[in-house]
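I opened this notebook to keep a record of what I looked up, in the order in which I looked it up. The entries are brief, and each keeps to one topic.

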Amino acid sequence: MERLGRGIALLTALAAAGSSACAATYVPRPSHYVVHDADDRYHRDGQEVAVGLLGGGAERLVAGDARALEHARRAQHEMRLGWTLYGVGWASLLVGAVAAGAWSHDRLKEGAAFGVMGLGAGVSLVGVWFTMKGGASLVDAINVYNDDLDARAVPP
Amino acid sequence: MTGTKARGAILAVTALLAHSSCAVTGTYEPRPSSRISSVDATGYRTFVRDGQRHEVGLLGGGAEELVSGNEAAVAEAHAHRRDRILAWSFLGLGLGGFTAGTILNLDQRHRHDELGAGLYFGAFVPIITSVIFSSRAWHELANAINIYNDDLED
């Protein structure tokens with residue numbers, strides 16, 4: 001069994017050495033389209049536009065297209081709300097855990113502390129859902145922008 | 001909690017999770033175009049090409065079909081599929097090591113402390129390797145799509 005453990009470690013080390021830590025990133029050619037690269041960076045008109053975790057930069061990414069801007073604003077709002085709820089949820093979990101430890105002799109108070117922990121877990125899950133919704137709204141903003149670019153280039 | 005209530009709660013949670021996983025897809029359907037567009041929150045799972053939806057599976061299935069017609073992009077998609085399979089294999093190996101290590105550590109009748117601890121902590125290596133392969137796989141998929149879209153503009 002010990003040999004098996006060593007074998008697993010050796011096989012893994014060889015496989016890891018055989019592959020570089022990160023694959024090369026293909027840099028998209030300069031284009032009017034909004035493009036998302038492998039390093040999670042956005043490009044537009046040959047320039048890199050950073051979009052933060054809270055959605056900062058989303059409006060700049062699709063600036064000039066009113067329809068896309070609506071989606072970008074929604075993305076920013078959902079991401080901010082999501083991260084806030086996630087933080088509040090985790091804070092409640094920690095406070096609940098500390099309180100449950102401190103009130104272990106009082107069943108009622110301990111029960112309330114576990115309730116706060118459960119509520120915190122629920123709130124942080126809702127937060128995760130909102131951040132994902134924000135990601136989807138950002139994808140919508142990009143697709144609307146790129147579609148409108150096509151529509152402008154080829155008049156019906 | 002009674003059995004019926006517990007089953008109800010499990011069903012409700014499952015329905016909520018199923019709904020939330022569907023809802024993370026964007027609401028906007030891109031116009032039919034030969035360009036590949038992502039339509040989900042992660043940006044690496046559901047795509048639209050020529051007005052048709054394409055799903056890329058957890059093992060990389062569907063990636064080659066998504067960029068079919070472009071040799072360089074297909075090569076990247078093929079590498080994506082290989083690395084996804086390797087990532088899951090190493091994850092399985094790591095979780096197997098954790099499980100075996102835990103079982104050996106809990107066995108009070110026979111003393112396997114060293115072996116158990118070795119397997120338990122050694123399991124971190126394949127898990128880290130799995131993360132590396134997973135990261136490479138996402139890079140390759142994004143590269144495949146960008147190569148495909150760039151070549152369309154030529």
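This is a predicted model: local features need pLDDT of at least 70, side-chain atom pairs count only at pLDDT 80 or more; totals for chains, interfaces and linings use all residues.

I looked up the strand order and found an open sheet of 3 strands, E1-E2-E3 of chain A, paired in the antiparallel sense. Strand E1 (35–36) and strand E3 (47–49) of chain A are its edge strands, each of them pairing on one side only. I then followed the pairing of E1(A) with strand E2 (residues 42–44) of chain A, which is antiparallel and runs over 2 bridges; here I saw His36(A) standing opposite Tyr42(A) of E2(A).

In the loop between E1 and E2 of chain A I came to Asp40(A), which has a positive phi of about 65° although it is not a glycine. Is Asp40(A) buried or exposed? I count Asp40(A) as exposed because it has 12 C-beta neighbours inside 10 Å, and the cut-off for exposed is 12 or fewer.

In chain B I looked at Asp50(B), which lies in the loop between strand E2 (46–49) and strand E3 (52–55) of that chain. Its phi is near 55°, a positive value in a residue other than glycine. Asp50(B) is exposed, since 10 other C-beta atoms lie within 10 Å.

I looked up the contact between the chains and found 40 residues of chain B in contact with 35 residues of chain A. Among the elements that give two or more residues to the chain B side are helix H1 (3–23), helix H3 (71–106) and helix H5 (124–152) of chain B. Which element gives the most to this side? I found that H5(B) does, with 15 residues. By class, the chain B side has 17 nonpolar, 17 polar and 6 charged residues.

I finally looked up Ala141(A) and, leaving aside its neighbours within four places in sequence, found it in contact with Ala58(A), Val62(A), Ala68(A), His71(A), Ala72(A) and Ala75(A).

Note on methods:
Residues are numbered from 1 along each chain as its sequence is written. Chains are lettered from A and ligands numbered from 1 in the order in which they are written. Two strands pair if DSSP finds at least two bridges between them. Helices (H or I, at least four residues) and strands (E, at least two) are DSSP runs, numbered from the N terminus. Two residues are in contact if their C-beta atoms, placed from the backbone, lie within 7 Å. Ala, Val, Leu, Ile, Met, Phe, Trp, Tyr, Cys and Pro count as nonpolar, Asp, Glu, Lys and Arg as charged, and the others, Gly among them, as polar. A residue is buried if 20 or more other C-beta atoms lie within 10 Å of its own, exposed if 12 or fewer, and partly exposed in between; C-beta atoms are placed from the backbone.
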